[in-house]
Each structure stands twice: as structure tokens, then as C-alpha cells.
Amino acid sequence: MADPFHTALCERTGCRYPIIQTAMGWVATPDLVIASCQAGALGFLAGAVMTPPELTTAIARVKAVTNAPFGVNFHMFQPGAEEIVDIIIREKVAAVSFGRGPNADMIARFRDAGILTIPTVGALKHAHKVAELGVDMISVQGGEGGGHTGGVATTVLLPQILDEIDIPVVAAGGFGDGRGLAAALAYGAAGIAMGTRFLLCKESPVPPGTKDKYLNARGEDIIVSSKIDGLPQRAILNEKLRKIEQSSPLLRWREAIIAGLELKKQTGASSLELLRSLRSMTAQSEMTLTQAMMAAASPMLIRKAIVEGKPEQGIMASGQVAGRIEEIPSCQELIENIMSDASARIASLCG
Ligand SMILES: Cc1cc2nc3c(=O)[nH]c(=O)nc-3n(C[C@H](O)[C@H](O)[C@H](O)COP(=O)(O)O)c2cc1C
């Protein structure tokens with residue numbers, strides 16, 4: 001029998017195991033990417049919250065420590081997006097992931113540079129759209145997943161997309177262990193992509209007090225809110241999120257302006273650059289200016305919880321899977337456990 005774990009994801013990117021450590025703003029730092037890649041996964045740097053010089057430094061840091069392949073995540077609406085694309089191409093990382101705003105020219109540039117494109121989608125129509133744009137693979141995230149997420153569960157969305165789309169598909173949303181990997185492969189996926197599970201690893205930079213909040217969260221406390229930035233986003237229901245859920249549109253607008261000013265300070269973007277990125281968001285999507293402002297600013301709320309270690313004052317983006325995670329392993333331990341459990345489960349099914 002051929003090795004069931006050597007999938008198109010391993011074949012095309014050179015990673016040892018069919019496991020992606022997804023990009024998470026402020027969490028997927030070089031240290032986490034180095035640890036996940038050295039353990040055999042394909043790690044993605046969180047380029048969507050980095051300035052171009054920060055991304056250059058982050059890529060250099062990973063390359064200085066490991067030869068393992070890794071990827072970069074970004075989105076077309078972030079300040080400096082064009083420069084970010086140039087850096088990714090110049091640095092020839094193994095793969096790139098993105099959510100909103102891809103276009104065929106950009107995808108063709110990555111392809112010509114030999115960089116694999118693996119966008120994340122949360123709906124069937126978006127899978128069709130990115131496939132038509134010519135991407136190499138798709139990461140399909142079901143509604144259980146952390147951060148921005150769709151309304152259809154992985155168990156329904158994954159087979160739907162596998163049936164209709166003819167390129168390799170990686171399963172995301174709710175995965176955290178070996179039986180999840182075995183199940184995803186049985187569905188026909190080329191691997192699994194995990195965010196929350198890697199956030200709760202030793203090498204993740206999230207402060208211990210915030211990690212404890214994740215460990216103590218129950219599945220039913222990890223809700224979807226559209227009031228953080230106007231798009232459905234899954235996060236742990238804490239005091240801050242409760243307030244946002246109950247606040248008026250006027251208060252949310254005020255909140256977005258405050259966070260937007262913090263974002264400006266943090267990224268060093270000029271008012272013009274910020275306005276340009278807001279304009280491109282509204283032009284390329286159905287967002288209103290308020291939504292675009294909230295979307296641009298929401299990473300700052302996440303930052304408060306997961307960088308500054310003030311979990312009650314910020315947003316803890318999280319997948320529902322946090323409700324069943326009870327320990328903080330190293331990336332090496334996590335991946336070894338997943339691989340041995342998945343092997344045992346597949347072996348037992350094969351008799
Ligand atoms: C704290 C956090 C931050 C995230 N930030 C990003 C991001 O910057 N870019 C992105 O494409 N996805 C982001 N996501 C989504 C993840 O990359 C991934 O798709 C998702 O976590 C998968 O679901 P899971 O958490 O159930 O594994 C984030 C998720 C979390 C939990």
C-alpha cells in the first residue's frame with residue numbers, strides 16, 4: 001500500500017507530513033513557524049499583520065534556522081500589499097495563502113515564481129472562484145474554524161468542495177488530532193490545516209494567561225460574531241466580545257476608529273496608505289466604509305489579548321476545537337502524536 005500520508009501537499013511543497021500550521025495574526029511568528037516546520041508540518045508566517053520590512057526580517061529569521069519549506073499569508077487589502085507580494089516572490093518561499101482579494105495576475109506571478117498558491121475559502125462559491133483564478137490548492141475551512149469563518153461545518157463543506165473542484169484540497173476548521181487527520185484523508189483531502197491547535201503549543205508566543213483562557217473555554221463559549229469587524233468571526237465569548245455584541249453601531253464605529261489609530265501607529269502606515277487600503281477593500285468587496293474600517297482595525301483587538309496578554313480587554317479569535325484542548329505540547333510532540341494516532345487508526349481500519 002502506498003504511504004497514505006505522502007499526499008499532494010507533501011509532494012508539491014516538500015513538507016514531511018500533510019499538516020499545515022496556518023497563519024494567525026500575531027501568533028504565527030518565526031519561532032512558531034520554525035518549530036512547526038522542523039517537526040515536519042508546513043508553517044505559514046502571519047504576513048497579514050506585518051509591514052514589508054517586518055516580513056523580510058521574519059523570512060530571514062526562519063531561513064537562518066531551517067531549510068524546511070514554509071509559507072507566507074497576506075491579504076491584498078493590507079497596507080504595502082504590493083511590496084509584500086514582491087518580497088514573497090523574491091524570497092521564493094514554498095507557498096502562499098490569502099483570503100480576500102486575490103486576482104488572476106497575482107496568482108500567475110506566484111505560479112511563474114514556483115510558489116504554490118493555497119487560499120483559504122469558507123464557502124463553495126468561493127472555492128469555484130479561486131479555482132477559476134488558477135490557484136494550485138484550496139484550504140477549505142468549515143464553520144468550526146477560528147478567526148473569519150463561514151456558516152457551513154467542515155463535515156458538510158469539505159465533501160461538497162471535493163466533489164466539485166478538481167484540485168487538491170486541504171481540510172481546515174476543527175482539527176487537532178490524529179483521528180482528524182485520518183478522517184480528512186478518508187474524505188479525500190490532501191491534509192489538514194490547524195490554527196487554534198498550534199496557538200496552544202509551547203512555541204506559540206501567546207502569553208500564558210491568555211493561553212489559560214483558551215484552555216478553559218468550552219466549545220459553546222466559542223461563538224461567531226459579525227460585530228467585531230462586520231464579517232462572521234469565531235472567538236471566545238469574553239467580557240470584551242459581550243460588550244461588542246451588545247453595543248450600538250455608533251459605539252462600534254468609535255471602537256473601530258480607536259483601533260484604526262492604533263493600527264496606524266503599529267504598522268507605521270501613513271493616513272494616505274490606510275485610506276488607500278480601506279478604499280481597495282470597499283471597491284473589491286461588498287463592504288461599507290465602516291465595515292472596512294472595522295476589518296482593518298480588528299487585528300488590533302486580537303493583538304490586545306494575544307500579544308499584550310490582556311485577554312479580557314481584547315478579542316481571542318479561536319476555533320471551537322479549543323473546547324477540547326487540554327494541554328500545551330511542543331510542536332514536535334503534537335505532530336508526533338498526530339502522526340502516530342492517525343497511523344494506528346488507519347491500520348486498525350485496514351484490519
Ligand atoms: C488567533 C487567530 C488568528 C488568525 N489570523 C489569521 C490571519 O491573520 N490570516 C488568515 O488567513 N487566517 C487567520 N486565522 C484563521 C486560521 O489561519 C485558520 O484558518 C483557522 O484557525 C483554522 O481553524 P481551527 O482554528 O479550527 O484550526 C486566524 C485564526 C486564529 C485562531
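Okay, let's start with helix α2, residues 30-38: 7 of its 9 residues are buried, so the helix is largely enclosed by the rest of the structure. By buried I mean under 20% relative accessible area, with exposed being over 50% and partly exposed in between, using a 1.4 Å probe and protein chains only. Helices here are DSSP runs of H or I with at least four residues, strands are runs of E with at least two, and both are numbered from the N terminus.

Quick housekeeping: this is a predicted model, where local features need pLDDT of at least 70 and side-chain atom pairs count only at pLDDT 80 or more, while totals for chains, interfaces and linings use all residues. Residues are numbered from 1 along each chain as its sequence is written, and side-chain values use heavy atoms, with hydrogens and water left out.

Back to α2. Which residues of α2 are buried? They are P30, L32, V33, I34, A35, S36 and C37. Contact, by the way, means heavy atoms within 4.5 Å. After α2 comes G40, which has a positive phi, near 110°.

Now two loop residues. T149 sits in the loop between β8 (147-148) and α7 (154-164), and counts as buried because its relative accessibility is 9%. A polar atom of the T149 side chain lies 3.1 Å from the backbone oxygen of G142. Beyond residues up to four places away in sequence, T149 touches Q141, G142, G143, V224, P232 and R234.

The other one is N238, in the loop between β12 (233-236) and α11 (239-246). Is N238 buried or exposed? Buried, since its relative accessible area is 4%. The N238 side chain reaches the backbone nitrogen of L241 at 2.9 Å. Leaving out neighbours within four places in sequence, N238 is in contact with P311, E312, G314 and M316.

Finally, zooming out. The protein chain has 15 helices and 12 strands, and 53% of its 351 residues are buried. Its C-alpha atoms fill a box of roughly 60 × 45 × 40 Å along the principal axes. Of the contacts between residues at least 6 apart in sequence, 62% join residues at least 24 apart.

Key:
A polar contact is a pair of N or O atoms within 3.5 Å; within protein, one must be able to donate a hydrogen and the other to accept it, and residues adjacent in sequence count only if both atoms are side-chain atoms.
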